[in-house]
There are 2 protein chains.
Amino acid sequence: MFERNLLLVISGPSGAGKGTICKALVDKHPESMQCSLSATSREVRPGEIPDKTYYYIGKEKFLSKIEKDQFLEYAEVYGNYYGTLKDEVQRLFSLKADVILEIEMQGALQIREKSKEAILIFIMPPSFKELRARLLRRKRDCEEDIQNRLDKVASELKYIKDYDYIVVNDKLEDAVSKIESIIVAEKCRMDEKTLDIETFIKDI
Amino acid sequence: MFERNLLLVISGPSGAGKGTICKALVDKHPESMQCSLSATSREVRPGEIPDKTYYYIGKEKFLSKIEKDQFLEYAEVYGNYYGTLKDEVQRLFSLKADVILEIEMQGALQIREKSKEAILIFIMPPSFKELRARLLRRKRDCEEDIQNRLDKVASELKYIKDYDYIVVNDKLEDAVSKIESIIVAEKCRMDEKTLDIETFIKDI
(Lines give C-alpha, C1' and ligand atoms only; values in the text may rest on other atoms or scores of the structure.)
Protein backbone atom coordinates (compact mmCIF):
# COMPACT_ATOMS: atom_id res chain seq x y z
CA MET A 1 0.00 0.00 0.00
CA PHE A 2 1.21 3.51 -0.79
CA GLU A 3 4.50 2.38 -2.35
CA ARG A 4 6.08 4.20 -5.23
CA ASN A 5 9.53 4.03 -6.73
CA LEU A 6 11.69 7.09 -6.32
CA LEU A 7 14.12 8.96 -8.53
CA LEU A 8 16.94 10.04 -6.22
CA VAL A 9 19.42 12.56 -7.50
CA ILE A 10 22.63 12.51 -5.50
CA SER A 11 24.78 15.51 -6.22
CA GLY A 12 27.34 17.81 -4.64
CA PRO A 13 30.94 18.93 -5.04
CA SER A 14 33.55 16.43 -6.15
CA GLY A 15 35.31 15.11 -3.09
CA ALA A 16 32.09 15.19 -1.03
CA GLY A 17 31.82 11.40 -1.32
CA LYS A 18 28.85 10.99 -3.71
CA GLY A 19 30.29 7.90 -5.40
CA THR A 20 31.14 6.06 -2.19
CA ILE A 21 27.69 6.79 -0.75
CA CYS A 22 25.86 5.56 -3.87
CA LYS A 23 27.92 2.38 -3.98
CA ALA A 24 27.22 1.71 -0.30
CA LEU A 25 23.46 2.22 -0.84
CA VAL A 26 23.26 -0.17 -3.78
CA ASP A 27 25.45 -2.76 -2.03
CA LYS A 28 23.11 -2.66 1.00
CA HIS A 29 19.90 -2.80 -1.07
CA PRO A 30 20.72 -4.78 -4.21
CA GLU A 31 17.06 -5.71 -4.78
CA SER A 32 15.38 -2.39 -4.23
CA MET A 33 17.93 0.18 -5.42
CA GLN A 34 19.59 0.61 -8.79
CA CYS A 35 22.27 3.09 -9.74
CA SER A 36 21.90 4.60 -13.18
CA LEU A 37 25.05 4.40 -15.33
CA SER A 38 25.94 7.66 -17.09
CA ALA A 39 27.06 8.01 -20.68
CA THR A 40 30.16 10.07 -21.51
CA SER A 41 31.85 11.51 -24.55
CA ARG A 42 35.32 11.02 -23.17
CA GLU A 43 37.85 8.22 -23.60
CA VAL A 44 38.20 5.30 -21.19
CA ARG A 45 40.83 6.10 -18.53
CA PRO A 46 43.16 3.54 -16.94
CA GLY A 47 41.30 1.46 -14.37
CA GLU A 48 37.85 2.22 -15.83
CA ILE A 49 35.63 -0.48 -17.32
CA PRO A 50 33.29 0.21 -20.29
CA ASP A 51 29.58 -0.36 -19.47
CA LYS A 52 30.51 -0.45 -15.81
CA THR A 53 32.20 2.91 -15.09
CA TYR A 54 30.37 4.70 -17.93
CA TYR A 55 28.78 4.02 -21.28
CA TYR A 56 31.56 5.39 -23.54
CA ILE A 57 29.73 6.59 -26.63
CA GLY A 58 32.14 9.17 -28.09
CA LYS A 59 31.52 12.85 -28.72
CA GLU A 60 29.72 12.56 -32.05
CA LYS A 61 27.15 10.08 -30.80
CA PHE A 62 26.74 12.06 -27.58
CA LEU A 63 25.92 15.25 -29.49
CA SER A 64 23.51 13.38 -31.77
CA LYS A 65 21.67 11.99 -28.72
CA ILE A 66 21.40 15.50 -27.25
CA GLU A 67 19.89 16.56 -30.59
CA LYS A 68 17.33 13.72 -30.38
CA ASP A 69 16.39 14.68 -26.78
CA GLN A 70 17.47 11.28 -25.49
CA PHE A 71 19.02 12.60 -22.28
CA LEU A 72 17.23 13.19 -19.00
CA GLU A 73 20.11 15.52 -18.18
CA TYR A 74 23.63 16.17 -19.39
CA ALA A 75 26.50 18.42 -18.48
CA GLU A 76 29.82 19.50 -19.90
CA VAL A 77 32.57 19.20 -17.33
CA TYR A 78 36.14 20.25 -18.08
CA GLY A 79 35.55 19.78 -21.82
CA ASN A 80 33.86 16.35 -21.59
CA TYR A 81 30.16 15.51 -21.74
CA TYR A 82 28.37 13.33 -19.18
CA GLY A 83 24.69 12.50 -19.20
CA THR A 84 21.85 10.23 -18.12
CA LEU A 85 20.01 8.47 -20.94
CA LYS A 86 16.22 8.34 -20.56
CA ASP A 87 16.32 4.70 -21.78
CA GLU A 88 18.61 3.73 -18.92
CA VAL A 89 16.32 5.20 -16.26
CA GLN A 90 13.22 3.61 -17.79
CA ARG A 91 14.98 0.24 -17.83
CA LEU A 92 15.83 0.53 -14.12
CA PHE A 93 12.31 1.64 -13.15
CA SER A 94 10.93 -1.40 -14.95
CA LEU A 95 12.88 -3.48 -12.39
CA LYS A 96 10.58 -1.95 -9.70
CA ALA A 97 13.55 -0.33 -7.99
CA ASP A 98 14.35 3.11 -6.65
CA VAL A 99 16.71 4.71 -9.14
CA ILE A 100 19.77 6.68 -8.03
CA LEU A 101 21.50 9.20 -10.28
CA GLU A 102 24.92 10.33 -9.12
CA ILE A 103 25.40 13.46 -11.17
CA GLU A 104 26.88 16.95 -11.37
CA MET A 105 24.94 19.94 -10.10
CA GLN A 106 24.36 21.23 -13.67
CA GLY A 107 22.49 18.02 -14.43
CA ALA A 108 20.67 17.94 -11.11
CA LEU A 109 19.25 21.40 -11.76
CA GLN A 110 18.06 20.30 -15.23
CA ILE A 111 16.14 17.49 -13.54
CA ARG A 112 14.69 19.90 -10.96
CA GLU A 113 13.27 21.99 -13.81
CA LYS A 114 11.69 18.97 -15.51
CA SER A 115 10.38 17.07 -12.51
CA LYS A 116 9.00 17.92 -9.10
CA GLU A 117 8.88 14.20 -8.36
CA ALA A 118 12.65 13.75 -8.34
CA ILE A 119 14.28 13.95 -4.91
CA LEU A 120 17.41 16.08 -4.94
CA ILE A 121 19.95 15.34 -2.26
CA PHE A 122 23.02 17.50 -1.86
CA ILE A 123 26.02 15.73 -0.35
CA MET A 124 27.98 18.25 1.66
CA PRO A 125 31.54 17.79 2.85
CA PRO A 126 31.80 18.58 6.58
CA SER A 127 33.94 21.64 5.78
CA PHE A 128 35.84 23.28 2.96
CA LYS A 129 39.11 22.38 4.69
CA GLU A 130 38.10 18.71 4.79
CA LEU A 131 37.07 18.86 1.13
CA ARG A 132 40.51 20.14 0.09
CA ALA A 133 42.17 17.44 2.21
CA ARG A 134 40.04 14.70 0.59
CA LEU A 135 40.82 15.87 -2.93
CA LEU A 136 44.55 15.94 -2.11
CA ARG A 137 44.39 12.50 -0.44
CA ARG A 138 42.81 10.72 -3.37
CA LYS A 139 45.64 11.87 -5.68
CA ARG A 140 43.41 11.63 -8.74
CA ASP A 141 43.94 15.19 -9.93
CA CYS A 142 46.87 17.54 -10.34
CA GLU A 143 47.08 20.65 -8.15
CA GLU A 144 45.65 22.91 -10.81
CA ASP A 145 42.62 20.62 -11.23
CA ILE A 146 42.07 20.60 -7.49
CA GLN A 147 42.11 24.39 -7.40
CA ASN A 148 39.60 24.44 -10.29
CA ARG A 149 37.34 22.05 -8.43
CA LEU A 150 37.49 24.09 -5.25
CA ASP A 151 36.69 27.31 -7.12
CA LYS A 152 33.73 25.54 -8.70
CA VAL A 153 32.33 24.51 -5.31
CA ALA A 154 32.00 28.13 -4.22
CA SER A 155 30.04 29.03 -7.36
CA GLU A 156 27.88 25.89 -7.17
CA LEU A 157 26.79 26.36 -3.57
CA LYS A 158 24.45 29.17 -4.49
CA TYR A 159 22.20 26.63 -6.24
CA ILE A 160 21.93 24.50 -3.13
CA LYS A 161 18.52 26.00 -2.33
CA ASP A 162 16.99 24.10 -5.27
CA TYR A 163 17.70 20.84 -3.46
CA ASP A 164 15.25 19.00 -1.21
CA TYR A 165 17.76 17.66 1.30
CA ILE A 166 21.30 18.27 2.48
CA VAL A 167 23.26 15.36 3.89
CA VAL A 168 26.58 16.21 5.51
CA ASN A 169 29.03 13.42 4.77
CA ASP A 170 31.03 13.36 7.95
CA LYS A 171 30.90 9.60 8.54
CA LEU A 172 29.95 7.33 5.62
CA GLU A 173 27.57 5.11 7.68
CA ASP A 174 25.72 8.14 9.02
CA ALA A 175 25.31 9.68 5.56
CA VAL A 176 24.05 6.38 4.13
CA SER A 177 21.63 5.92 7.01
CA LYS A 178 20.27 9.46 6.56
CA ILE A 179 19.58 8.77 2.89
CA GLU A 180 17.83 5.52 3.83
CA SER A 181 15.63 7.56 6.18
CA ILE A 182 14.89 10.08 3.43
CA ILE A 183 13.74 7.21 1.19
CA VAL A 184 11.42 5.79 3.89
CA ALA A 185 10.02 9.25 4.65
CA GLU A 186 9.44 10.09 0.98
CA LYS A 187 7.44 6.89 0.59
CA CYS A 188 5.18 8.07 3.43
CA ARG A 189 4.67 11.52 1.90
CA MET A 190 1.11 12.55 1.21
CA ASP A 191 1.42 13.89 -2.36
CA GLU A 192 1.16 10.72 -4.35
CA LYS A 193 -1.39 8.84 -2.37
CA THR A 194 -4.74 10.27 -3.27
CA LEU A 195 -5.81 7.20 -5.19
CA ASP A 196 -5.13 4.80 -2.36
CA ILE A 197 -7.05 6.98 0.07
CA GLU A 198 -10.04 6.87 -2.22
CA THR A 199 -9.80 3.08 -2.07
CA PHE A 200 -9.75 3.22 1.73
CA ILE A 201 -12.79 5.49 1.81
CA LYS A 202 -14.68 3.18 -0.56
CA ASP A 203 -13.89 0.32 1.82
CA ILE A 204 -15.94 2.27 4.42
CA MET B 1 25.26 21.34 12.21
CA PHE B 2 21.86 21.82 10.58
CA GLU B 3 19.88 20.59 13.58
CA ARG B 4 16.53 21.99 14.52
CA ASN B 5 13.85 20.78 16.86
CA LEU B 6 10.63 19.65 15.29
CA LEU B 7 6.96 20.00 16.15
CA LEU B 8 5.41 16.65 15.21
CA VAL B 9 1.65 16.43 15.09
CA ILE B 10 0.45 12.84 15.31
CA SER B 11 -3.19 12.51 14.38
CA GLY B 12 -5.67 10.09 12.84
CA PRO B 13 -8.88 8.22 13.70
CA SER B 14 -9.32 6.81 17.20
CA GLY B 15 -8.30 3.17 17.17
CA ALA B 16 -5.50 3.84 14.67
CA GLY B 17 -2.95 3.51 17.46
CA LYS B 18 -1.76 7.12 17.89
CA GLY B 19 -1.31 6.82 21.64
CA THR B 20 0.67 3.58 21.54
CA ILE B 21 2.95 4.96 18.83
CA CYS B 22 3.65 8.20 20.74
CA LYS B 23 4.41 6.31 23.94
CA ALA B 24 6.80 3.97 22.07
CA LEU B 25 8.60 6.95 20.49
CA VAL B 26 9.12 8.76 23.80
CA ASP B 27 10.16 5.53 25.57
CA LYS B 28 12.80 4.92 22.87
CA HIS B 29 14.08 8.51 22.85
CA PRO B 30 13.59 9.87 26.36
CA GLU B 31 16.30 12.52 25.88
CA SER B 32 15.40 13.89 22.48
CA MET B 33 11.61 13.55 22.32
CA GLN B 34 8.91 14.96 24.56
CA CYS B 35 5.20 14.35 24.37
CA SER B 36 3.03 17.38 25.05
CA LEU B 37 0.30 16.79 27.64
CA SER B 38 -3.14 18.10 26.62
CA ALA B 39 -5.52 20.02 28.82
CA THR B 40 -9.17 18.95 29.03
CA SER B 41 -12.44 20.32 30.36
CA ARG B 42 -13.75 16.91 31.35
CA GLU B 43 -13.67 15.02 34.65
CA VAL B 44 -11.00 12.49 35.56
CA ARG B 45 -12.10 8.98 34.55
CA PRO B 46 -11.23 5.80 36.45
CA GLY B 47 -7.64 4.79 35.80
CA GLU B 48 -6.56 8.26 34.67
CA ILE B 49 -3.98 10.30 36.55
CA PRO B 50 -4.17 14.13 36.76
CA ASP B 51 -1.12 15.89 35.24
CA LYS B 52 -0.16 12.59 33.63
CA THR B 53 -3.14 11.60 31.46
CA TYR B 54 -4.33 15.21 31.02
CA TYR B 55 -4.22 18.54 32.76
CA TYR B 56 -7.79 18.60 34.13
CA ILE B 57 -8.68 22.29 34.23
CA GLY B 58 -12.51 22.20 34.14
CA LYS B 59 -14.81 23.80 31.59
CA GLU B 60 -14.82 27.35 32.95
CA LYS B 61 -11.04 27.66 33.01
CA PHE B 62 -10.79 26.00 29.60
CA LEU B 63 -13.16 28.52 28.03
CA SER B 64 -11.31 31.39 29.69
CA LYS B 65 -8.00 30.17 28.26
CA ILE B 66 -9.56 29.96 24.77
CA GLU B 67 -10.65 33.57 25.28
CA LYS B 68 -7.08 34.58 26.18
CA ASP B 69 -5.66 32.78 23.10
CA GLN B 70 -3.56 30.49 25.28
CA PHE B 71 -4.13 27.39 23.16
CA LEU B 72 -2.04 26.31 20.18
CA GLU B 73 -5.08 24.25 19.19
CA TYR B 74 -8.22 22.92 20.80
CA ALA B 75 -11.16 20.78 19.82
CA GLU B 76 -14.56 19.81 21.15
CA VAL B 77 -15.04 16.06 21.04
CA TYR B 78 -18.31 14.45 22.13
CA GLY B 79 -19.10 17.47 24.31
CA ASN B 80 -15.69 17.76 26.01
CA TYR B 81 -12.87 20.15 25.22
CA TYR B 82 -9.27 19.08 24.66
CA GLY B 83 -6.40 21.37 23.77
CA THR B 84 -2.67 22.04 23.68
CA LEU B 85 -1.48 24.97 25.79
CA LYS B 86 1.15 27.19 24.16
CA ASP B 87 3.00 27.32 27.51
CA GLU B 88 3.36 23.55 27.56
CA VAL B 89 4.90 23.41 24.07
CA GLN B 90 7.29 26.27 24.84
CA ARG B 91 8.40 24.50 28.01
CA LEU B 92 9.17 21.29 26.06
CA PHE B 93 11.06 23.14 23.30
CA SER B 94 13.19 24.77 25.98
CA LEU B 95 14.41 21.24 26.83
CA LYS B 96 15.92 21.10 23.29
CA ALA B 97 13.69 18.20 22.35
CA ASP B 98 11.45 17.36 19.42
CA VAL B 99 7.89 17.91 20.61
CA ILE B 100 5.08 15.45 19.80
CA LEU B 101 1.42 16.41 19.92
CA GLU B 102 -1.02 13.52 19.82
CA ILE B 103 -4.23 15.30 18.89
CA GLU B 104 -7.54 15.12 17.05
CA MET B 105 -7.77 16.07 13.39
CA GLN B 106 -9.70 19.28 14.20
CA GLY B 107 -6.72 20.47 16.22
CA ALA B 108 -4.17 19.23 13.69
CA LEU B 109 -5.82 21.31 10.99
CA GLN B 110 -5.74 24.40 13.23
CA ILE B 111 -1.99 23.91 13.56
CA ARG B 112 -1.61 23.46 9.79
CA GLU B 113 -3.24 26.86 9.30
CA LYS B 114 -0.93 28.56 11.79
CA SER B 115 2.36 26.90 10.98
CA LYS B 116 4.05 25.52 7.89
CA GLU B 117 6.88 24.34 10.12
CA ALA B 118 4.81 21.75 11.97
CA ILE B 119 5.03 18.23 10.57
CA LEU B 120 1.62 16.59 10.30
CA ILE B 121 1.60 12.81 10.35
CA PHE B 122 -1.63 10.91 9.79
CA ILE B 123 -1.74 7.49 11.43
CA MET B 124 -3.84 5.22 9.27
CA PRO B 125 -5.30 1.91 10.38
CA PRO B 126 -4.50 -0.83 7.85
CA SER B 127 -8.19 -1.07 6.90
CA PHE B 128 -11.63 0.04 8.04
CA LYS B 129 -12.41 -3.55 9.04
CA GLU B 130 -9.32 -3.68 11.24
CA LEU B 131 -10.24 -0.29 12.78
CA ARG B 132 -13.68 -1.58 13.79
CA ALA B 133 -12.11 -4.74 15.23
CA ARG B 134 -9.61 -2.69 17.29
CA LEU B 135 -12.30 -0.43 18.72
CA LEU B 136 -14.38 -3.47 19.70
CA ARG B 137 -11.34 -5.24 21.20
CA ARG B 138 -10.35 -2.42 23.51
CA LYS B 139 -13.83 -2.39 25.10
CA ARG B 140 -13.51 1.28 26.07
CA ASP B 141 -16.67 2.47 24.36
CA CYS B 142 -20.25 1.27 24.04
CA GLU B 143 -21.54 0.16 20.63
CA GLU B 144 -23.19 3.47 19.90
CA ASP B 145 -19.94 5.32 20.61
CA ILE B 146 -18.05 2.98 18.31
CA GLN B 147 -20.52 3.60 15.51
CA ASN B 148 -20.15 7.37 16.09
CA ARG B 149 -16.39 7.07 15.90
CA LEU B 150 -16.53 5.06 12.69
CA ASP B 151 -18.89 7.57 11.07
CA LYS B 152 -16.49 10.32 12.06
CA VAL B 153 -13.56 8.59 10.35
CA ALA B 154 -15.28 8.73 6.98
CA SER B 155 -15.91 12.45 7.30
CA GLU B 156 -12.39 13.16 8.60
CA LEU B 157 -10.56 11.36 5.83
CA LYS B 158 -11.29 14.11 3.35
CA TYR B 159 -8.90 16.38 5.27
CA ILE B 160 -6.07 13.90 4.97
CA LYS B 161 -4.57 15.86 2.08
CA ASP B 162 -3.54 18.63 4.47
CA TYR B 163 -1.12 16.23 6.13
CA ASP B 164 2.56 15.86 5.21
CA TYR B 165 2.86 12.14 5.80
CA ILE B 166 0.71 9.05 6.12
CA VAL B 167 1.95 6.17 8.22
CA VAL B 168 -0.05 2.97 8.04
CA ASN B 169 -0.06 1.34 11.47
CA ASP B 170 0.01 -2.30 10.52
CA LYS B 171 2.80 -3.34 12.89
CA LEU B 172 3.74 -1.03 15.77
CA GLU B 173 7.54 -1.38 15.30
CA ASP B 174 7.24 -0.53 11.59
CA ALA B 175 5.09 2.52 12.24
CA VAL B 176 7.50 3.77 14.93
CA SER B 177 10.49 3.19 12.67
CA LYS B 178 8.82 5.11 9.83
CA ILE B 179 8.25 8.09 12.10
CA GLU B 180 11.89 7.94 13.22
CA SER B 181 12.87 8.08 9.54
CA ILE B 182 10.57 11.04 8.95
CA ILE B 183 12.29 12.87 11.82
CA VAL B 184 15.78 12.19 10.41
CA ALA B 185 14.68 13.22 6.91
CA GLU B 186 13.02 16.42 8.12
CA LYS B 187 16.24 17.40 9.85
CA CYS B 188 18.04 17.07 6.50
CA ARG B 189 15.47 19.20 4.65
CA MET B 190 16.76 22.23 2.84
CA ASP B 191 14.27 24.89 4.01
CA GLU B 192 15.73 25.91 7.30
CA LYS B 193 19.39 25.77 6.54
CA THR B 194 20.21 28.90 4.66
CA LEU B 195 22.15 30.38 7.54
CA ASP B 196 24.43 27.41 7.94
CA ILE B 197 25.19 27.35 4.24
CA GLU B 198 26.21 30.97 4.40
CA THR B 199 28.62 29.98 7.16
CA PHE B 200 30.03 27.22 4.94
CA ILE B 201 30.48 29.60 2.04
CA LYS B 202 32.24 32.13 4.29
CA ASP B 203 34.60 29.34 5.32
CA ILE B 204 35.68 29.19 1.64
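**View 1. Strands S5 and S6 of chain B form an antiparallel pair.** Strand S5 (residues 71-77) and strand S6 (residues 80-85) of chain B are joined over six bridges, where two strands count as paired if DSSP finds at least two bridges between them, and where strands (E, at least two residues) and helices (H or I, at least four) are DSSP runs numbered from the N terminus. B:Glu73 stands opposite B:Thr84 in S6(B), and in the hairpin, with two residues between the strands, B:Tyr78 takes a positive phi near 45 degrees. The model is predicted, with local features requiring pLDDT of at least 70 and side-chain atom pairs pLDDT 80 or more, whereas totals for chains, interfaces and linings use all residues. Residues are numbered from 1 along each chain as its sequence is written, with chains lettered from A in the order in which they are written.

**View 2. Helix H7 of chain A packs against elements of both chains.** H7(A) (residues 172-188) reaches 25 Å from its first C-alpha to its last, close to the 24 Å expected at 1.5 Å times one less than its number of residues. Its buried residues (20 or more other C-beta atoms, placed from the backbone, within 10 Å of their own) include A:Ile179 and A:Ile182, and the buried residues of H7(A) pack against, among others, helix H1 (18-28) of chain A and helix H7 (172-188) of chain B.

**View 3. A:Ile121 lies in the largest nonpolar core.** Such a core joins buried Ala, Val, Leu, Ile, Met, Phe, Trp, Tyr and Cys residues through C-beta atoms within 7 Å. Of its 94 residues, A:Ile121 and B:Ile121 are among those touching the most other members. Beyond four places in sequence, the contacts of A:Ile121 (C-beta atoms within 7 Å) include A:Val9, A:Val167 and A:Ile179.

Technical notes. Buried ≥ 20, exposed ≤ 12 C-beta atoms within 10 Å, placed from the backbone. Contact = placed C-beta atoms within 7 Å.
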